[in-house]
Amino acid sequence: MRKVPIILVATLLSVILVLPTLLVIPFAEASTKVDEQVESEPVTETETPSEEPVVSVFRQESEVVEEVPLEEYVALVVASEMPMSFEKEAIKAQALAARTYIVKKMLTGSEEAYDVTDTVNDQVFKSEEELREDWGVDFSERFMKLEQAVNETKGQIITYEGTPITAQFFSTSNGYTENAEDYWQNEIPYLKSVSSPWDEKSPEFSEQEVIAMQKVAAQLDINASNNLTVSNVKRTESGRIAELTINGKSFSGREVREALGLRSNDFTIEKKDDYIIFKTEGYGHGVGMSQYGANGMAREGKTYQDIVKHYYQGIDIQTLEEVM
C-alpha cells in the first residue's frame, strides 16, 4: 500500500475540522437576526385582541352562577326586557342602557360571588334556550333582529362626566319622566323629568285596579273602618303623587304604590262600596328611559343616540376602552 504524504493528511484533517464551523456560524447569525427582528417589531392590536369581559349571573331558579360574555349578556337582557316588535333604534337604545348598567356594576364591585341576579332587582335575564321556548316559531327572526341591534352598538355605554351612569329605565310614563330625587330622594343630574308624549299610545298607559278596602287597610296599616278619607295630596313636577294623607296617616306616592303593587305612583283614589278603585297612568317608577317612549321616538325617525340623549340629560356615548 502506498503511503499518503504527511502534509496531505494534515490538510485533509484541517478541512474536516473547520467545515462544520463554517456551516454553523451563518445559521447562528441568521437565527440571532430573526430573534432581534421579532423583538423589535411592535405588536399590533389585531395580534393581541383584548379579552371580552365576562358577567357572573346568579340564576334565581337554579341557584347557579353562570359566566356569560358581556355582549351575549347584553343581548339576552334586551330580549328579556323589551319586546322585539319594537323599532330597531329603540332596541339599540335599550342595549346601551343594559350594557351601561352592568358595566357600572362590574366597575363598582359586588360583595357577592356574582355581578348580578337574573331578576328585576338587577336586569331580567333569560337564556337563549328560554327565549326559544318563549318565542316559538318567531325565534329565528326575532333573535336575528336582536343580534343586529346589539352588534351595531357593541362596546358603547352611556357616561356622565366620564363615568357610566345609573341607566334606569321603565315601561311607560304618564307623559313625563320623573326626577330621580322625587322617587329616590337622591338628586342625579342626568335623571331629570322630560316630556314623553309618545307614551300615550302605549297599551300600558292607563289602568284601573280594584282592591278590597280590608286589604288596603292591612297593607297600609290604617284604620280598617269602611270610611276612607284622602287629603293633603301633593304632586311632583311630572304629575305623580309626592305625598298624601289617607285616614290621617301620611304616605309618599311611592310607598302607596309599592305597598299595594300599583303600576304607577300617578294615581287617583275612589271608594265604591267595600272596594277602593285606583286609576293609574304610566307603568313603572318613571325614572330614566321610557321604553314605549323610546319606541315612539324611533318610529318618528330618531336614532338611538337621539333617544338616550333625550331621556338621560347631558350624557355622552363612549366606548368601553375609553372608560375601563
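Guide: Two packed helices are described by the angle between their axes and the distance between the axes. Here helix H9 (residues 291–299) and helix H10 (residues 304–311) pack at about 135 degrees, with axes 10 Å apart. Axes are lines fitted to C-alpha atoms, for helices over the stretch in contact, and angles run from 0 to 180 degrees between N-to-C directions. The model is predicted: local features need pLDDT of at least 70, side-chain atom pairs count only at pLDDT 80 or more, and totals for chains, interfaces and linings use all residues. Residues are numbered from 1 along each chain as its sequence is written, and side-chain values use heavy atoms, without hydrogens and water.

Visitor: Which residues of H9 and H10 make the contact?

Guide: H9 gives Gly293, Ala294, Met297 and Ala298; H10 gives Asp306, Ile307, His310 and Tyr311. Contact means heavy atoms within 4.5 Å. These residues divide into 5 nonpolar, 2 polar and 1 charged.

Visitor: Now the sheet. What is the strand order?

Guide: Strands of a sheet pair through backbone hydrogen bonds, either parallel or antiparallel. This open sheet of 3 strands has the order E2-E1-E3, with mixed pairing. Pairing requires at least two DSSP bridges between two strands. E2 (64–69) and E3 (116–117) are at the edges with a single partner strand each, so one side of each lacks a neighbour in the sheet. E1 (residues 54–59) runs parallel to E3, joined by 2 bridges. Valine 57 stands opposite valine 116 in E3.

Visitor: Is threonine 119 buried or exposed?

Guide: Threonine 119 is buried, at 19% relative accessible area. Buried means under 20%, exposed over 50%, partly exposed in between (1.4 Å probe, protein chains only). Threonine 119 sits in the loop between E3 and helix H4 (128–135).

Key: Helices (H or I, at least four residues) and strands (E, at least two) are DSSP runs, numbered from the N terminus. Ala, Val, Leu, Ile, Met, Phe, Trp, Tyr, Cys and Pro count as nonpolar, Asp, Glu, Lys and Arg as charged, and the others, Gly among them, as polar.
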